[in-house]
Amino acid sequence: MDVERVFHMSGGVGKTSYAQNSSLQKKASDMMKHVTMETIQQLYHEVTAKSLGIADLGCSSGPNSLSLIKDIVEAVEGSCHKTFRPLPEFQVFLNDLPTNDFNSVFKTLPDFYRDLKKDKTERCPAIFIAGYPGSFYGRLFPNNCLHFIYSSYSLHWLSKVPPSLYDEHGKSINRGNAYISESSPPSVSRAYWNQFQEDFSLFLKSRSEELVTGGRMVLIILGRIGHNHVDRGNSFFWEILSRCLAISVSQGEIEEEKLDCYDVHFYAASRNEIEEEVGREGSFELERVEMFEIEREVQRGESYGTAVAMTVRAIQESMLYNHFGNGINLDALFNNYGKMIDQEMAKQEIKPITFLLVLKKL
């Protein structure tokens with residue numbers, strides 16, 4: 001499967017769109033906002049640039065990206081007022097895969113600029129925003145053009161499904177499982193780890209060439225607590241999806257062969273694995289690592305299971321339709337998914353964890 005051609009968050013602003021179902025990601029970003037703002041302010045104190053290059057990698061199509069840019073601009077404005085330095089220009093690059101709904105982002109730009117100017121007695125800073133489609137597993141920008149990179153909930157997505165998940169006949173060695181599970185042979189977790197190593201190393205190398213010396217990255221990425229890949233964290237959500245797809249097979253909605261070869265391009269790395277790869281690649285100093293859980297507040301009176309189901313659907317819909325065809329009943333699939341999450345939560349907590357990383361270009 002060509003991930004770069006197929007994978008994207010559900011576009012538009014409809015009920016099942018990512019724009020309407022990315023509140024969990026926004027909550028995580030807000031929880032760690034103080035770290036992001038401290039990092040950008042520290043960076044600005046260290047550089048003398050008249051123009052700041054900022055990139056959001058994996059910006060998607062919801063409101064979260066421009067909200068972040070507004071916060072960054074206001075944080076730098078605050079630093080300028082305290083230090084009596086002139087405001088810099090801001091060059092902002094919004095990156096995602098070519099299939100991303102960039103138009104939804106661009107349509108909100110007039111409101112973004114209007115909000116920035118609101119209640120300001122001084123001139124508004126010059127902000128130049130551009131879309132940059134392409135995979136961040138490789139070069140995107142010219143050398144030394146960026147000062148700050150932000151990426152939230154993107155780097156756990158691999159560049160591709162690990163090729164070594166398939167035997168010489170093209171059959172999956174992880175039959176019936178979308179991700180690493182209790183029934184997966186050890187070669188499955190090795191395949192995912194190897195792909196993560198390759199991708200994350202290439203990401204770091206590419207960004208090191210694009211960032212100025214002393215530039216910073218703030219990365220928010222799903223992960224796992226310990227050595228074991230199978231837990232009641234992020235991997236468990238894929239276990240639930242596999243169970244729900246098995247129900248669709250039993251009801252004749254999808255073919256079992258299709259389920260057997262459905263594998264996700266996802267990896268939940270541990271803290272040790274992340275630290276090991278940063279050290280091995282050698283271009284960055286890992287200044288800060290924090291592990292946290294998202295608070296489980298839900299809106300509109302919906303259950304936690306429903307909120308998770310809608311989020312997963314907004315993320316996986318493009319991949320599910322591409323693999324199983326338009327005949328798959330996603331309403332029924334994710335209705336079952338939400339119920340199953342709530343049932344499991346009643347038995348025992350599900351605790352997906354997230355890492356926040358702050359890296360400095362050496």
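**Briefing: rings, core and strands**

Both Phe 334 and Tyr 337 are buried, where buried means under 20% relative accessible area, exposed means over 50% and partly exposed lies in between (1.4 Å probe, protein chains only). This is a predicted model, in which local features need pLDDT of at least 70 and side-chain atom pairs count only at pLDDT 80 or more, while totals for chains, interfaces and linings use all residues. Residues are numbered from 1 along each chain as its sequence is written, and side-chain values use heavy atoms, with hydrogens and water left out.

**Aromatic pairs**

- A search of the whole structure finds 20 aromatic pairs; rings of Phe, Tyr and Trp (its six-membered ring) pair if their centres lie within 6.5 Å, and planes under 30 degrees apart count as stacked, over 60 as edge-to-face and the rest as tilted.
- One of these pairs, Tyr 132 with Phe 141, is tilted, with 4.7 Å from centre to centre and 35° between the planes.
- Tyr 132 counts as partly exposed because its relative accessibility is 26%, whereas Phe 141, at 4%, is buried.
- Phe 334 and Tyr 337 also form a tilted pair, at 5.8 Å centre to centre and 55° between the planes.
- These two residues are three residues apart in helix α12 (residues 330–347), so about one helical turn separates Phe 334 from Tyr 337; helices (H or I, at least four residues) and strands (E, at least two) are DSSP runs, numbered from the N terminus.

**The aromatic cluster and the core**

- One aromatic cluster is formed by Phe 136, Tyr 137, Trp 193, Phe 196, Phe 200, Phe 203 and Tyr 267.
- The largest nonpolar core has 113 residues, and those with the most contacts inside it are Phe 203, Leu 245 and Tyr 337; such a core is a set of buried Ala, Val, Leu, Ile, Met, Phe, Trp, Tyr and Cys residues joined through side-chain atoms within 4.5 Å.
- Leaving aside neighbours within four places in sequence, Phe 203 is in contact (heavy atoms within 4.5 Å) with residues including Leu 57, Leu 155, Met 217 and Leu 219.
- Arg 207 lies over the face of Phe 203, at 5.0 Å from the ring centre; a charge sits over a ring if NZ of Lys or CZ of Arg is within 6 Å of the ring centre and within 35 degrees of the ring normal.

- Helix α3 (residues 33–46) has 14 residues and reaches 20 Å from its first C-alpha to its last, close to the 20 Å expected, a span defined as 1.5 Å times one less than the number of residues.
- Among the buried residues of α3 are Val 35, Ile 40, Leu 43 and Tyr 44.
- The elements that cover the buried residues of α3 include β1 (51–57), α4 (64–83) and β5 (211–224).
- Arg 85 is placed in the loop between α4 and β2 (89–96) and is partly exposed, with a relative accessible area of 25%.
- Arg 85 lies over the face of Tyr 44, at 4.1 Å from the ring centre.

- In β5, 13 of the 14 residues are buried, so the strand is largely enclosed by the rest of the structure.
- Strands β4 and β5 run parallel and are joined by six bridges; two strands pair if DSSP finds at least two bridges between them.
- His 229 is found in the loop between β5 and α8 (234–250) and counts as buried at 14% relative accessibility.
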